[in-house]
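Please study the structure shown below before reading on.

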Amino acid sequence: MQFIQNGPDIPDALLQAHEEGRVVFFCGAGISYPAGLPGFGELVRKLYEQAGEHPDALESDALRDKKFDQTIGLLEKRIQGGRRNIRRHLPKILAPDLERRKRALTSHLALLTLGRNRSGLLRLVTTNFDTLFEKAADRYKPPSFITYPDPPLRAQWSGVVHLHGRMAENPIEDELEELILSDADFGHAYLTQGWAARFVTRLFRDHTICFVGYSIDDPVLRYMTAAHALGEQTPEMFAFAPHKANKTGEADAQKRAWQAKNVTPILYDEHDSHRTLHQTLRVWASIYRDGTAGKSRIISRLAHRPPSDRTPDNPFVSRVLWALSDKSGLPAQRFAELDPVPPLEWLSALSDYRYQHHDLPRFQVPVDKESSRSEEHTSELQSPL
């Protein structure tokens with residue numbers, strides 16, 4: 001379903017898992033672009049610039065292959081002062097521009113909303129070093145939360161986990177050296193010591209994961225999906241996947257690349273600084289925050305339009321059907337009480353075979369394991385809305 005026109009089409013399975021409080025969002029550098037912060041590749045280039053260095057042959061090869069963690073590892077070994085000399089530039093490079101960029105924190109606020117279940121439990125994981133979630137909380141005053149600079153050891157936790165470390169406003173050198181940045185750091189966290197891999201594997205096993213703000217070649221994603229591959233059977237994973245819509249074949253290439261990592265991509269056009277991603281997060285959070293009232297607004301705003309008005313750029317019918325499926329029945333009641341009544345065309349849209357046997361729990365119909373297995377061999381087991 002698309003929350004905005006021309007926006008990413010979010011699968012029903014992810015929407016349902018989120019409604020049930022089973023989704024954990026993993027947040028990467030892309031969510032901090034509106035604050036003027038760089039992605040991993042740009043961060044590496046700025047580190048070279050600040051250090052007054054140029055890549056040697058090995059480092060150039062690693063940069064070309066987008067192995068940014070390896071590039072930093074090679075650079076830290078080559079230059080005098082190593083890690084300390086490189087990392088002392090991080091606070092300047094990762095200083096957000098919040099004065100001129102007035103909406104820089106709205107996606108962080110949206111994720112703080114989407115990451116909290118109906119019981120108030122917040123579970124967000126970020127691989128960013130910045131403290132923009134905390135700044136968003138200070139500015140917009142959502143419910144308070146705990147920040148974890150390291151993964152919590154206990155199974156039950158509520159807050160924002162900085163999986164690869166957190167950089168304070170004025171960090172000391174020792175704090176900068178603890179950040180997970182080079183290939184050696186990632187090796188310790190995911191392989192040698194393995195604490196990050198254990199945390200990630202447990203989350204992947206127990207929750208539906210949605211990656212936000214990552215590109216397919218992000219080294220961070222490579223380590224996390226590798227940790228996932230070592231684990232047991234896990235719920236489906238999703239990722240908001242950027243692509244250039246004006247580049248022929250790129251969407252299909254991105255789709256195949258993500259699927260090769262066992263991740264279901266939610267494709268969107270990255271033009272205009274990933275505008276459709278950030279708008280989608282904000283609208284989704286607004287509707288989720290308001291519960292059934294948010295879905296009822298969708299009915300009030302869209303149900304008066306005939307379904308034949310839908311276009312590939314604006315498939316509003318799916319938004320109405322999603323709102324109508326709310327288990328409370330209140331959006332459906334709003335639909336029934338509209339005056340004037342919705343166009344008769346909606347009868348056809350409401351009669352479409354849209355759901356299958358495995359969707360029955362969405363409508364509070366229990367499904368036993370035996371019948372679920374039989375569905376794999378019986379395509380006729382479908383349930384209309």
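Which element gives the largest share of the lining of the largest pocket? That share, four residues, comes from α2. The model is predicted, so local features need pLDDT of at least 70 and side-chain atom pairs count only at pLDDT 80 or more, whereas totals for chains, interfaces and linings use all residues. Residues are numbered from 1 along each chain as its sequence is written, and side-chain values use heavy atoms, with hydrogens and water left out.

**The largest pocket**

- The largest pocket has a volume of about 600 Å³. On a 1 Å grid over the protein atoms alone, a pocket is an open set of points with protein on both sides within 12 Å along at least five of seven lines; a volume is the space filled by probe spheres set on the points, which are joined across faces, edges and corners.
- Its lining has 25 residues, and Y33, S215, D217, P242 and E270 lie nearest the centre of the pocket. Lining residues have an atom within 4 Å of a point.
- Two or more lining residues of the largest pocket come from each of α2, α13 (250-260) and α14 (271-289). Such helices are DSSP runs (H or I, at least four residues), numbered from the N terminus.
- By class, this lining has nine nonpolar, eight polar and eight charged residues. Ala, Val, Leu, Ile, Met, Phe, Trp, Tyr, Cys and Pro count as nonpolar, Asp, Glu, Lys and Arg as charged, and the others, Gly among them, as polar.

**The largest cavity**

- One cavity of 30 Å³ or more is found in a search of the whole structure. A cavity is a set of grid points where a 1.4 Å probe fits but cannot get out.
- The largest cavity has a volume of about 270 Å³.
- Of the 20 residues that line the largest cavity, A29, L43, T127, N128 and F129 lie nearest its centre.
- Twelve nonpolar, six polar and two charged residues form the lining of the largest cavity.

**Helices α2 and α4**

- Two packed helices are described by the angle between their axes and the distance between the axes.
- The axes of α2 (residues 40-51) and α4 (residues 68-78) come within 10 Å and cross at roughly 20°. Axes are lines fitted to C-alpha atoms, for helices over the stretch in contact, and angles run from 0 to 180 degrees between N-to-C directions.
- α2 is therefore roughly parallel to α4; angles under 35 degrees count as roughly parallel, over 145 as roughly antiparallel, 65 to 115 as roughly perpendicular and the rest as oblique.
- In α2, the residues F40, G41, V44, L47 and Y48 meet F68, D69, T71, I72, L75 and R78 in α4. Contact means heavy atoms within 4.5 Å.
- By class, the contact of α2 with α4 has seven nonpolar, two polar and two charged residues.

**Helix α15 and its partners**

- The axes of α15 (residues 292-302) and α16 (residues 316-324) come within 9 Å and cross at roughly 140°, which means that α15 is oblique to α16.
- K295, I298, I299 and L302 of α15 meet F316, R319, V320, W322, A323 and L324 of α16. This contact of α15 with α16 has eight nonpolar, no polar and two charged residues.
- α15 also packs with α17 (residues 330-337), at an angle of about 30° and with the axes 8 Å apart; α15 and α17 are therefore roughly parallel to each other.
- T292, K295, S296, I299 and S300 of α15 make the contact with L330, P331, R334 and F335 of α17.
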